Amino acid sequence: MRTFVAGQEAFSDLEFAELALGIDVDLFRGPLESETDGERAAREDAARDILADLRQEAEAGDEIAGWDALYADALTRTVPFLRSVRGHRSGTGEAA
């Protein structure tokens, strides 16, 4: 079975959610792979700008933008399990 959203085929559950909601999960949650400090800063700046736009649209009466803002905001508070395991450090400051 194939799934399409707005004419684009979704190949996974995550891709379906991204297409349906219009939210790039990696932008708000962060990628599973490591990123440099500069990449992280740029990604977080973009995410803050987009989240601010969504909130502004929600305040102007766009209910969908309001729900998207809630979802995007929740994603900013998550840490992907794989990234947290790779970055886990012991109390000695050495990688576990």
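## Overall make-up of the chain

Residues are numbered from 1 along each chain as its sequence is written, and side-chain values use heavy atoms, with hydrogens and water left out.

The secondary structure comes to five helices and two strands, and, read along the sequence, these follow the pattern β-β-α-α-α-α-α; here helices (H or I, at least four residues) and strands (E, at least two) are DSSP runs, numbered from the N terminus. Of the 96 residues of the chain, 23% count as buried, a word that stands for under 20% relative accessible area, with exposed over 50% and partly exposed in between (1.4 Å probe, protein chains only).

## Confidence along the chain

The predictor's confidence in each residue is given as pLDDT, from 0 to 100; its mean over the chain is 81, and 81% of the residues reach 70 or more. Among the elements, α3 has the highest mean pLDDT (94), whereas helix α5 (residues 81-86) has the lowest (55). Over residues 88-96 the pLDDT is below 50, and this stretch has six contacts in the model beyond near neighbours in sequence. Where pLDDT is low, the predicted coordinates should not be read in detail.

## The largest nonpolar core

A nonpolar core is a set of buried Ala, Val, Leu, Ile, Met, Phe, Trp, Tyr and Cys residues joined through side-chain atoms within 4.5 Å. The largest one here has 11 residues, including Ile 23, Val 25, Phe 28, Ala 47 and Leu 75. Two or more residues come from each of α2 (25-29), α3 (37-59) and α4 (63-76), and α4 gives the most, with four residues. Leaving aside residues up to four places away in sequence, Leu 75 touches Ile 23, Val 25, Phe 28 and Arg 29.

Helix α3 has 23 residues and reaches 33 Å from its first C-alpha to its last, close to the 33 Å expected, the expected span being 1.5 Å times one less than the number of residues. Its buried residues, Arg 43, Ala 47, Leu 51 and Leu 54, pack against α2 and α4. Just after α3, Gly 61 takes a positive phi of about 110°.

Helix α4 has 14 residues, and its reach of 20 Å is close to the 20 Å expected. The buried residues of α4 include Ala 65, Gly 66, Asp 68 and Asp 73, and what covers the buried residues of this helix includes α1 (13-21), α2 and α3.

Arg 43 lies in helix α3 and is buried, because its relative accessible area is 15%. Not counting residues up to four places away in sequence, Arg 43 touches Asp 26, Leu 27, Phe 28, Arg 29, Gly 30, Pro 31 and Glu 35.

Glu 35 is found in the loop between α2 and α3, and counts as buried because its relative accessibility is 17%. The side chain of Glu 35 makes a polar contact with the side chain of Arg 43 (2.8 Å); a polar contact is a pair of N or O atoms within 3.5 Å, where, within protein, one must be able to donate a hydrogen and the other to accept it, and residues adjacent in sequence count only if both atoms are side-chain atoms.

Definitions and conventions:
This is a predicted model: local features need pLDDT of at least 70, side-chain atom pairs count only at pLDDT 80 or more; totals for chains, interfaces and linings use all residues. Contact means heavy atoms within 4.5 Å.
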